[in-house]
Amino acid sequence: MKTLQTTFILFVFVPLVNSAPPKQQESLQFYEYDTDVTMGSLIQQDYEMQSKDIRKDGTNVSLDTSLRLQGDDSNVPPTKDTNLPTCLLCVCLSGSVYCEEIDIEAVPPLPKETAYLYARFNKIKRIAVSDFADITTLRRIDFSGNRIEEIEDGAFSKLLLLEELSLAENRLIKLPVLPPKLTTFNANQNRIKSRGIKANAFKKLTNLAYLYLGHNALESVPLNLPESLRILHLQYNNITTITDDTFCKSNNTRYIRTHMDEIRMEGNPILLAKHVNAFSCLRTLPVGAYY
(Lines give C-alpha, C1' and ligand atoms only; values in the text may rest on other atoms or scores of the structure.)
Protein backbone atom coordinates (compact mmCIF):
# COMPACT_ATOMS: atom_id res chain seq x y z
CA MET A 1 0.00 0.00 0.00
CA LYS A 2 2.84 2.33 0.74
CA THR A 3 4.36 1.61 -2.67
CA LEU A 4 1.18 2.58 -4.44
CA GLN A 5 1.01 5.89 -2.56
CA THR A 6 4.57 6.80 -3.56
CA THR A 7 3.92 5.98 -7.18
CA PHE A 8 0.80 8.11 -7.21
CA ILE A 9 2.57 11.14 -5.78
CA LEU A 10 5.31 10.93 -8.40
CA PHE A 11 2.78 10.60 -11.17
CA VAL A 12 1.09 13.87 -10.17
CA PHE A 13 4.29 15.86 -9.46
CA VAL A 14 6.19 15.16 -12.70
CA PRO A 15 3.69 16.89 -15.11
CA LEU A 16 3.82 20.03 -12.97
CA VAL A 17 7.57 20.35 -13.45
CA ASN A 18 7.81 19.47 -17.15
CA SER A 19 4.94 21.61 -18.54
CA ALA A 20 4.05 25.29 -18.20
CA PRO A 21 0.56 26.63 -18.95
CA PRO A 22 0.45 28.27 -22.39
CA LYS A 23 -1.11 31.39 -20.97
CA GLN A 24 1.91 32.04 -18.75
CA GLN A 25 4.25 31.78 -21.75
CA GLU A 26 2.14 34.25 -23.74
CA SER A 27 1.97 36.69 -20.83
CA LEU A 28 5.76 36.54 -20.50
CA GLN A 29 6.20 37.56 -24.15
CA PHE A 30 3.69 40.38 -23.78
CA TYR A 31 5.52 41.64 -20.68
CA GLU A 32 8.80 41.83 -22.58
CA TYR A 33 7.18 43.84 -25.40
CA ASP A 34 5.46 46.14 -22.94
CA THR A 35 8.79 46.73 -21.19
CA ASP A 36 10.27 48.09 -24.45
CA VAL A 37 7.42 50.57 -24.79
CA THR A 38 7.74 51.60 -21.17
CA MET A 39 11.48 52.14 -21.51
CA GLY A 40 10.87 54.35 -24.56
CA SER A 41 8.44 56.52 -22.65
CA LEU A 42 10.84 56.70 -19.69
CA ILE A 43 13.64 57.88 -21.99
CA GLN A 44 11.36 60.56 -23.44
CA GLN A 45 10.38 61.66 -19.90
CA ASP A 46 14.05 61.82 -18.98
CA TYR A 47 14.80 64.16 -21.91
CA GLU A 48 11.84 66.34 -20.98
CA MET A 49 13.05 66.55 -17.37
CA GLN A 50 16.53 67.46 -18.58
CA SER A 51 15.05 70.17 -20.80
CA LYS A 52 13.16 71.62 -17.82
CA ASP A 53 16.30 71.54 -15.70
CA ILE A 54 18.17 73.47 -18.40
CA ARG A 55 15.50 76.15 -18.41
CA LYS A 56 15.63 76.40 -14.61
CA ASP A 57 19.36 77.05 -14.79
CA GLY A 58 18.66 80.18 -16.86
CA THR A 59 19.68 78.74 -20.24
CA ASN A 60 16.82 78.89 -22.71
CA VAL A 61 17.50 75.81 -24.82
CA SER A 62 14.67 73.97 -26.57
CA LEU A 63 14.21 70.21 -26.32
CA ASP A 64 15.27 69.73 -29.93
CA THR A 65 18.45 71.72 -29.32
CA SER A 66 19.11 69.75 -26.15
CA LEU A 67 18.75 66.50 -28.04
CA ARG A 68 21.12 67.72 -30.74
CA LEU A 69 23.73 68.74 -28.19
CA GLN A 70 23.47 65.34 -26.47
CA GLY A 71 23.35 63.37 -29.71
CA ASP A 72 26.12 61.72 -31.60
CA ASP A 73 28.23 64.43 -33.25
CA SER A 74 30.92 62.15 -34.57
CA ASN A 75 30.43 63.58 -38.06
CA VAL A 76 31.04 67.16 -36.91
CA PRO A 77 34.66 68.33 -37.10
CA PRO A 78 36.01 69.32 -33.67
CA THR A 79 36.48 73.04 -33.06
CA LYS A 80 39.36 74.68 -31.26
CA ASP A 81 37.18 76.43 -28.67
CA THR A 82 34.75 73.70 -27.67
CA ASN A 83 34.70 74.97 -24.09
CA LEU A 84 33.13 78.32 -25.00
CA PRO A 85 29.82 79.05 -23.21
CA THR A 86 28.43 80.29 -26.53
CA CYS A 87 28.46 76.78 -27.93
CA LEU A 88 26.32 75.60 -25.04
CA LEU A 89 23.79 78.38 -25.49
CA CYS A 90 23.90 78.37 -29.30
CA VAL A 91 24.57 75.68 -31.87
CA CYS A 92 28.14 75.64 -33.21
CA LEU A 93 28.58 73.56 -36.33
CA SER A 94 31.64 73.52 -38.58
CA GLY A 95 32.33 77.26 -38.70
CA SER A 96 28.69 78.33 -38.29
CA VAL A 97 27.13 79.67 -35.09
CA TYR A 98 23.33 79.66 -34.74
CA CYS A 99 22.02 81.90 -31.94
CA GLU A 100 18.46 82.45 -33.12
CA GLU A 101 15.46 83.24 -30.88
CA ILE A 102 17.25 82.77 -27.56
CA ASP A 103 16.68 86.32 -26.21
CA ILE A 104 20.34 87.31 -25.96
CA GLU A 105 20.93 91.05 -25.44
CA ALA A 106 24.50 91.25 -26.72
CA VAL A 107 26.70 89.58 -29.31
CA PRO A 108 28.10 86.43 -27.65
CA PRO A 109 31.81 85.50 -27.71
CA LEU A 110 32.51 83.56 -30.89
CA PRO A 111 34.97 80.80 -31.73
CA LYS A 112 37.87 82.28 -33.67
CA GLU A 113 37.17 80.19 -36.77
CA THR A 114 33.54 81.39 -37.10
CA ALA A 115 32.59 82.17 -40.71
CA TYR A 116 28.80 82.41 -40.45
CA LEU A 117 26.86 84.01 -37.59
CA TYR A 118 23.07 83.81 -37.41
CA ALA A 119 21.71 85.81 -34.47
CA ARG A 120 18.22 86.62 -35.69
CA PHE A 121 15.20 87.52 -33.56
CA ASN A 122 16.90 88.32 -30.28
CA LYS A 123 17.11 91.43 -28.09
CA ILE A 124 20.50 92.78 -29.12
CA LYS A 125 20.57 96.61 -28.81
CA ARG A 126 24.17 97.50 -29.56
CA ILE A 127 27.13 96.25 -31.59
CA ALA A 128 30.57 97.16 -30.28
CA VAL A 129 34.01 97.16 -31.89
CA SER A 130 35.10 94.47 -29.43
CA ASP A 131 32.39 92.06 -30.64
CA PHE A 132 34.35 91.19 -33.79
CA ALA A 133 37.84 92.46 -32.97
CA ASP A 134 39.40 88.98 -33.09
CA ILE A 135 37.04 87.30 -35.57
CA THR A 136 38.51 88.02 -38.98
CA THR A 137 37.10 84.92 -40.70
CA LEU A 138 33.46 86.05 -40.84
CA ARG A 139 31.79 85.89 -44.26
CA ARG A 140 28.12 86.27 -43.32
CA ILE A 141 26.36 88.00 -40.41
CA ASP A 142 22.60 88.09 -39.88
CA PHE A 143 21.20 90.32 -37.11
CA SER A 144 17.66 90.53 -38.52
CA GLY A 145 14.84 91.08 -36.06
CA ASN A 146 16.75 92.52 -33.12
CA ARG A 147 16.56 95.90 -31.35
CA ILE A 148 19.82 97.38 -32.57
CA GLU A 149 19.95 101.14 -32.18
CA GLU A 150 23.69 101.76 -32.19
CA ILE A 151 26.69 100.35 -34.02
CA GLU A 152 30.06 101.65 -32.92
CA ASP A 153 32.30 103.19 -35.57
CA GLY A 154 34.66 100.54 -36.87
CA ALA A 155 32.60 97.60 -35.60
CA PHE A 156 32.95 95.89 -39.01
CA SER A 157 36.24 97.47 -40.10
CA LYS A 158 38.35 94.35 -39.54
CA LEU A 159 35.96 92.00 -41.32
CA LEU A 160 37.77 92.04 -44.64
CA LEU A 161 36.20 88.75 -45.76
CA LEU A 162 32.60 89.70 -44.94
CA GLU A 163 30.34 89.35 -47.99
CA GLU A 164 26.80 89.38 -46.58
CA LEU A 165 25.44 91.57 -43.79
CA SER A 166 21.81 91.81 -42.69
CA LEU A 167 20.63 94.45 -40.20
CA ALA A 168 16.99 94.26 -41.28
CA GLU A 169 14.13 94.86 -38.84
CA ASN A 170 16.05 96.85 -36.25
CA ARG A 171 15.98 100.45 -34.95
CA LEU A 172 18.90 102.03 -36.75
CA ILE A 173 18.81 105.71 -37.70
CA LYS A 174 22.17 105.70 -39.49
CA LEU A 175 24.42 103.24 -41.29
CA PRO A 176 27.81 102.10 -40.01
CA VAL A 177 30.97 102.05 -42.12
CA LEU A 178 30.67 98.92 -44.22
CA PRO A 179 33.46 96.43 -45.01
CA PRO A 180 34.89 96.61 -48.56
CA LYS A 181 34.01 93.16 -49.91
CA LEU A 182 30.26 93.20 -49.26
CA THR A 183 28.11 91.73 -52.01
CA THR A 184 24.80 91.91 -50.12
CA PHE A 185 23.63 94.49 -47.58
CA ASN A 186 20.14 94.43 -46.09
CA ALA A 187 18.88 97.28 -43.89
CA ASN A 188 15.18 96.99 -44.67
CA GLN A 189 12.67 98.10 -42.02
CA ASN A 190 14.75 100.43 -39.89
CA ARG A 191 14.45 104.17 -39.19
CA ILE A 192 17.24 105.38 -41.44
CA LYS A 193 17.06 108.91 -42.86
CA SER A 194 19.17 110.30 -45.69
CA ARG A 195 21.39 112.22 -43.28
CA GLY A 196 22.22 108.89 -41.66
CA ILE A 197 24.00 107.69 -44.83
CA LYS A 198 27.33 109.29 -45.69
CA ALA A 199 27.82 110.53 -49.25
CA ASN A 200 30.47 107.90 -50.04
CA ALA A 201 28.97 105.08 -47.97
CA PHE A 202 28.66 102.77 -50.99
CA LYS A 203 31.15 104.28 -53.44
CA LYS A 204 34.07 101.97 -52.63
CA LEU A 205 31.97 98.81 -52.35
CA THR A 206 32.90 97.59 -55.81
CA ASN A 207 31.46 94.09 -55.22
CA LEU A 208 28.08 95.24 -53.88
CA ALA A 209 25.31 93.68 -55.99
CA TYR A 210 22.26 93.66 -53.70
CA LEU A 211 21.25 96.69 -51.63
CA TYR A 212 18.04 96.66 -49.60
CA LEU A 213 16.94 99.92 -47.95
CA GLY A 214 13.16 99.58 -48.15
CA HIS A 215 10.74 100.66 -45.41
CA ASN A 216 12.92 103.37 -43.92
CA ALA A 217 12.67 107.18 -43.80
CA LEU A 218 14.97 108.19 -46.68
CA GLU A 219 14.22 111.50 -48.37
CA SER A 220 16.48 110.86 -51.34
CA VAL A 221 18.27 108.08 -53.18
CA PRO A 222 21.75 107.42 -51.73
CA LEU A 223 24.61 108.98 -53.68
CA ASN A 224 27.51 107.34 -55.51
CA LEU A 225 25.96 103.92 -56.01
CA PRO A 226 28.58 101.44 -57.30
CA GLU A 227 28.54 100.14 -60.86
CA SER A 228 28.34 96.56 -59.57
CA LEU A 229 24.80 97.06 -58.22
CA ARG A 230 22.16 94.70 -59.66
CA ILE A 231 19.22 95.01 -57.24
CA LEU A 232 18.25 98.22 -55.40
CA HIS A 233 15.22 98.31 -53.10
CA LEU A 234 14.03 101.74 -51.91
CA GLN A 235 10.30 101.08 -51.59
CA TYR A 236 8.20 102.77 -48.89
CA ASN A 237 10.50 105.62 -47.95
CA ASN A 238 9.91 109.38 -48.16
CA ILE A 239 11.81 110.00 -51.40
CA THR A 240 10.47 113.12 -53.14
CA THR A 241 13.07 113.90 -55.77
CA ILE A 242 15.54 112.33 -58.23
CA THR A 243 18.19 114.05 -60.33
CA ASP A 244 19.68 113.11 -63.70
CA ASP A 245 22.82 111.99 -61.85
CA THR A 246 21.07 109.75 -59.33
CA PHE A 247 21.42 106.65 -61.51
CA CYS A 248 22.95 108.03 -64.70
CA LYS A 249 25.57 110.57 -65.78
CA SER A 250 24.12 113.79 -67.12
CA ASN A 251 27.39 114.64 -68.91
CA ASN A 252 27.52 111.30 -70.74
CA THR A 253 24.47 110.45 -72.82
CA ARG A 254 25.96 107.13 -73.93
CA TYR A 255 26.44 105.82 -70.43
CA ILE A 256 24.52 102.62 -69.63
CA ARG A 257 24.22 100.86 -66.28
CA THR A 258 24.79 97.37 -67.62
CA HIS A 259 24.46 95.47 -64.32
CA MET A 260 21.32 97.08 -62.86
CA ASP A 261 18.37 94.70 -63.17
CA GLU A 262 15.82 96.00 -60.67
CA ILE A 263 14.98 99.21 -58.83
CA ARG A 264 11.94 99.34 -56.55
CA MET A 265 10.55 102.74 -55.57
CA GLU A 266 6.87 102.11 -54.98
CA GLY A 267 5.38 103.64 -51.86
CA ASN A 268 7.35 106.90 -52.16
CA PRO A 269 5.71 110.32 -52.59
CA ILE A 270 7.18 110.88 -56.05
CA LEU A 271 5.84 110.63 -59.60
CA LEU A 272 8.54 108.91 -61.61
CA ALA A 273 7.13 110.15 -64.93
CA LYS A 274 8.39 113.63 -64.08
CA HIS A 275 11.97 112.40 -64.04
CA VAL A 276 12.28 110.50 -67.32
CA ASN A 277 15.85 111.64 -67.99
CA ALA A 278 16.92 110.16 -64.66
CA PHE A 279 16.32 106.66 -66.07
CA SER A 280 17.82 107.04 -69.55
CA CYS A 281 20.82 104.86 -68.73
CA LEU A 282 18.76 102.00 -67.26
CA ARG A 283 17.74 98.89 -69.17
CA THR A 284 14.44 98.67 -67.25
CA LEU A 285 12.36 101.39 -65.60
CA PRO A 286 12.07 101.44 -61.79
CA VAL A 287 8.98 100.01 -60.16
CA GLY A 288 6.84 102.84 -58.77
CA ALA A 289 4.12 105.41 -59.43
CA TYR A 290 4.22 107.16 -62.83
CA TYR A 291 0.89 108.99 -62.74
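The structure is a predicted model, in which local features need a pLDDT of at least 70, side-chain atom pairs count only at pLDDT 80 or more, and totals for chains, interfaces and linings use all residues. Residues are numbered from 1 along each chain as its sequence is written, and side-chain values use heavy atoms, with hydrogens and water left out.

In the C90–C99 bridge, the two sulfur atoms lie 2.0 Å apart. Both ends are buried (under 20% relative accessible area, with exposed meaning over 50% and partly exposed in between, for a 1.4 Å probe and protein chains only): C90 has a relative accessible area of 1%, and C99 one of 0%.

A disulfide also links C87 to C92, with a sulfur-to-sulfur distance of 2.1 Å. Here the S-S torsion is about -95°, so the bridge is left-handed. Its two cysteines fall into separate accessibility classes: C87 counts as buried at 12%, whereas C92, at 22%, is partly exposed.

C248 sits in the loop between strand 10 (231-233) and strand 11 (262-264), while C281 belongs to the segment after strand 11, so the bridge ties together parts that are 33 residues apart in sequence. Helices (H or I, at least four residues) and strands (E, at least two) are taken here as DSSP runs, numbered from the N terminus. Both cysteines are buried, C248 with a relative accessible area of 7% and C281 with 1%.

Taken together, the structure holds 3 disulfides.

A polar atom of the N146 side chain lies 2.9 Å from the backbone oxygen of F143. Beyond its neighbours within four places in sequence, N146 is in contact (heavy atoms within 4.5 Å) with the run A119, R120, F121, N122, K123 and I124, and with E169 and N170.

Turning to the protein as a whole, the model contains 4 helices and 11 strands. Of its 291 residues, 37% are buried. Among contacts with a separation of 6 or more, 42% involve residues 24 or more positions apart. The accessible surface (Shrake-Rupley method with a 1.4 Å probe; for residues, only the protein chains shown count as cover) comes to about 18100 Å², and carbon and sulfur atoms account for 54% of it.

The average pLDDT (the predictor's confidence in each residue, from 0 to 100) is 79, and 71% of the residues score at least 70. Over residues 1-84 the pLDDT is below 50, and this stretch has 37 contacts in the model beyond near neighbours in sequence.

Definitions and conventions. Disulfide = S-S within 2.5 Å. Polar contact = N/O pair within 3.5 Å; in protein donor to acceptor, adjacent residues only side chain to side chain.
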